[in-house]
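Let's take a walk through this protein model together. Have the sequence and the 3D view ready.

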Amino acid sequence: MASGRLRKAKIKKVLDITSTLEGSEKNLKMKVFQTICRQLKSSKGFSVEPAPCVVFSTSSYLCGRKKKVNPYEEVDQEKYSDLVRSVLSFRGHAQAPQSLFEEDDLLYGPVRKCKAPKQEAAGVPRNWCPLFNPEKSGKPSATSDPTIPLKIPLQRNMIPSVTRILQQTMTSEQISCLERWKRRMILELGEDGFAEYTSNMFLQGKRFHEALESILSPQRNLKEPDENLLKSGYIQSIQHVLRDVSGVQALESAVKHETLKYVGLLDCVADYQGKLCVIDWKTSEKRKPFIQNTFDNPLQVVAYVGAVNHDINYSFQVQCGLIVVAYKDGSPAHPHFMDAELCSQYWAKWLLRLEEYTKKEKNQNIQKLV
């Protein structure tokens, strides 16, 4: 009888322990309790009287109710009883962030803090050349004939052109975008179709500039343009811009920077809203409402501005630029005006591109000699 009371006392002690468990540990504790009961029941001279209900502090458990088959019941609980007791006896404290860091430091070593990547500062041209020429006047000389705009032919020589310099120094992002556009167009049109498309775009641009030359030139001995071309969408697109253009000084005229040694063929030098500008006329099938949408066109314009200011063939000086984007469907063109301050900003970028081109050409020449 004493041994029976001792075993019952043990059962009561187990019940008291399990009653303090949290809801998340209830199922696991119940398995341990059942294991202990089976061990006591198998002992000699001991019998457990069935109780209809055992009440816990957190919930109720009906001993007589048949439970669903649980895969955990198939585990040999007597074999792993020591492991179960060691797990249940552990009471870990909630880990604070500091303890987590210490544990990670022990397992993986100290954390190596990487320095933030240095942001590349805006480059400064090594060989600085001013955009504006202090020796030149800001206005055309009185002796020049306003009825005859300058039209200096472009001489083909070893001096690189503005177009070539910009093409050879495009960024990887620009090259990638251009290649993706080319692949997409070839998929849509095929190789022959894409070649025909680019040829037609070049021809449309050429005819557009010819029509502009005939419109802007005060001379009457020029070849009469095609009437259909004057009625084209591109010409209709720029009508509101042409109303603000006057005092044309140059048309399709070559320029050369005497100091930096590059050449170009500018579209027009004229007054736009009372300010003398280098004007660049562009055609586009896509809307370009902001100057950022024109890619390298501002660099091209400012390169012409600097060349005009340092070319002895031009008696005047230009301080502003204008990019006009005309559309084939005749919708109003977008004029992008560049004042002296904006031109100065793009001038620094142009000088960097020019230096990059010079460096590439020098390296290529060295490789040819090796």
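## Ground rules

Buried means under 20% relative accessible area, exposed means over 50%, and partly exposed is in between (1.4 Å probe, protein chains only). This is a predicted model, where local features need pLDDT of at least 70, side-chain atom pairs count only at pLDDT 80 or more, and totals for chains, interfaces and linings use all residues. Residues are numbered from 1 along each chain as its sequence is written, and side-chain values use heavy atoms, with hydrogens and water left out.

## The big picture

The protein chain has 11 helices and seven strands. Those are DSSP runs numbered from the N terminus: helices are H or I with at least four residues, strands are E with at least two. Of the 370 residues in the chain, 34% are buried.

Now for contacts, meaning heavy atoms within 4.5 Å. Among the chain's contacts with a separation of 6 or more, 73% join residues 24 or more positions apart.

Start with Ala340, which sits in helix 11 (residues 340–369). Its relative accessible area is 25%, so Ala340 is partly exposed. Apart from neighbours within four places in sequence, Ala340 touches Phe132, Gln319 and Cys320. Val318 is 22 residues from Ala340 in sequence, and their C-alpha atoms are 9.0 Å apart.

Next, look for Gly274 in the loop between strand 4 (262–272) and strand 5 (275–284). Gly274 counts as exposed because its relative accessibility is 68%.

## Salt bridges

How many salt bridges does the structure hold? There are six, each being a side-chain nitrogen of Lys or Arg within 4 Å of a carboxyl oxygen of Asp or Glu. One of them pairs Arg164 with Glu361, with the closest N and O atoms 3.7 Å apart. Arg164 is in helix 5 (residues 162–168) and Glu361 in helix 11, so this pair ties together parts 197 residues apart in sequence.

Arg287 and Asp329 make another, at 2.7 Å between the closest N and O atoms. This pair also links distant parts of the chain, 42 residues apart: Arg287 is in the loop between strand 5 and helix 10 (297–309), and Asp329 is in the loop between strand 6 (320–327) and strand 7 (334–338). Arg287 is partly exposed at 38%, while Asp329 is exposed at 55%.

Finally, Lys282 and Asp280 meet at 3.2 Å, N to O. Lys282 is partly exposed, with 22% relative accessible area, whereas Asp280 is buried at 3%.
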